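I opened this notebook to keep track of what I looked up, entry by entry.

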Amino acid sequence: MIHSPVTCTLSSPEKTANLATLIATALRPGDCILLEGPIGAGKTHFARHLIQSLLHVPEDVPSPTFTLVQTYDVPSGELWHADLYRLTSLDEIEELGLIEAFETAICLVEWPDRLAELSPSNALHLRLELDLDDADTRKLTFTWSDAKWQPLIDRTTYD
């Protein structure tokens, strides 16, 4: 069952980072966050803060735009951060090993539309949208079908 989308407003980059940190506390291996939105909406900013909040030793968290995937060892296991923007076929996604990672790692995927039918059904979708009136503000919409996300959504009221 797909739950009704929940939308909130993030009025600053700091609010976006704080939400990412809050969401990070709930993630376990096998969880997948699909980060949607146009270029410049804050997908990588969100992912960077989520990842950094899970690391024992701070390290640089670059965008995986050119490497396609960056992996990190976090206390609960492995975390994969993927940027699928440059991919053009499902074969390329399978070659990355991302499908297996969906089962064993925490996965953050930017440009998840490239996954098509390979998209995990238990994923939490986060759609970031720009606010044309305020460059620092983002509209965030949560969409999910797996009931495991409901307690997290209930804790993330930002409006």
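Before reading any accessibility, I note the cut-offs: buried means under 20% relative accessible area, exposed means over 50%, and partly exposed lies in between. I also note that this is a predicted model.

**Entry: salt bridges**

How many salt bridges are there by the rule used? I find a count of two.

I looked at Lys148 and Asp31, whose side chains meet in a salt bridge at 2.6 Å, N to O. Lys148 lies in the loop between β7 and α5 (150-155), and Asp31 in the loop between α1 (13-24) and β2 (32-36), so this pair ties together parts that are 117 residues apart in sequence. Is Asp31 buried or exposed? Asp31 counts as buried, because its relative accessibility is 7%. Lys148 has a relative accessible area of 37%, so I put it down as partly exposed.

I then looked at Arg114 and Asp113, which form a salt bridge through their side chains at 2.8 Å, N to O. Arg114 is partly exposed at 24% relative accessibility, and Asp113 is exposed at 52%.

**Entry: negative patch**

Which residues form the negative surface patch? I list Asp91, Glu94, Glu95, Glu100, Glu103 and Glu117. Helices α3 (90-96) and α4 (98-104) each supply at least two residues of this patch. The most comes from α3, which gives three. I checked one member: Glu103 lies in helix α4 and counts as exposed, because its relative accessibility is 65%.

**Entry: positive phi**

I kept in mind that most residues other than glycine have a negative phi. Leu68 has a positive phi, near 75°, and is not a glycine. I place Leu68 in the loop between α2 (43-54) and β3 (69-74). At a relative accessible area of 14%, Leu68 is buried.

Ala116 is not a glycine either, and its phi is positive at about 50°. Ala116 sits in the loop between β5 (106-110) and β6 (124-130). Ala116 is partly exposed, with 44% relative accessibility.

**Entry: Lys139**

Where is Lys139? I find Lys139 in strand β7, residues 138-144. Its relative accessibility is 38%, so Lys139 counts as partly exposed. Leaving out residues up to four places away in sequence, Lys139 touches Thr7, Cys8, Arg127, Leu128 and Glu129. I also noted Ala41, 98 residues from Lys139 along the chain: the C-alpha atoms of the two are separated by 9.2 Å.

Terms used. Residues numbered from 1 in each chain as written. Predicted model: local features only at pLDDT ≥ 70, side-chain atom pairs only at ≥ 80, totals over all residues. Heavy atoms only, no water. Patch = residues over 30% accessible without salt bridge, like charges linked within 9 Å, V, L, I, M, F, W, Y side chains within 5 Å. Areas by Shrake-Rupley, 256 points an atom, 1.4 Å probe, with all protein chains shown as cover. Salt bridge = Lys/Arg side-chain N within 4 Å of Asp/Glu carboxyl O. Lys, Arg positive; Asp, Glu negative; His and termini not counted. Charge placed at Lys NZ, Arg CZ, Asp CG, Glu CD. Helix = DSSP H or I, 4+ residues; strand = E, 2+ residues; numbered from the N terminus. Buried < 20%, exposed > 50% of the residue type's maximum accessible area, 1.4 Å probe, protein only. Contact = heavy atoms within 4.5 Å.
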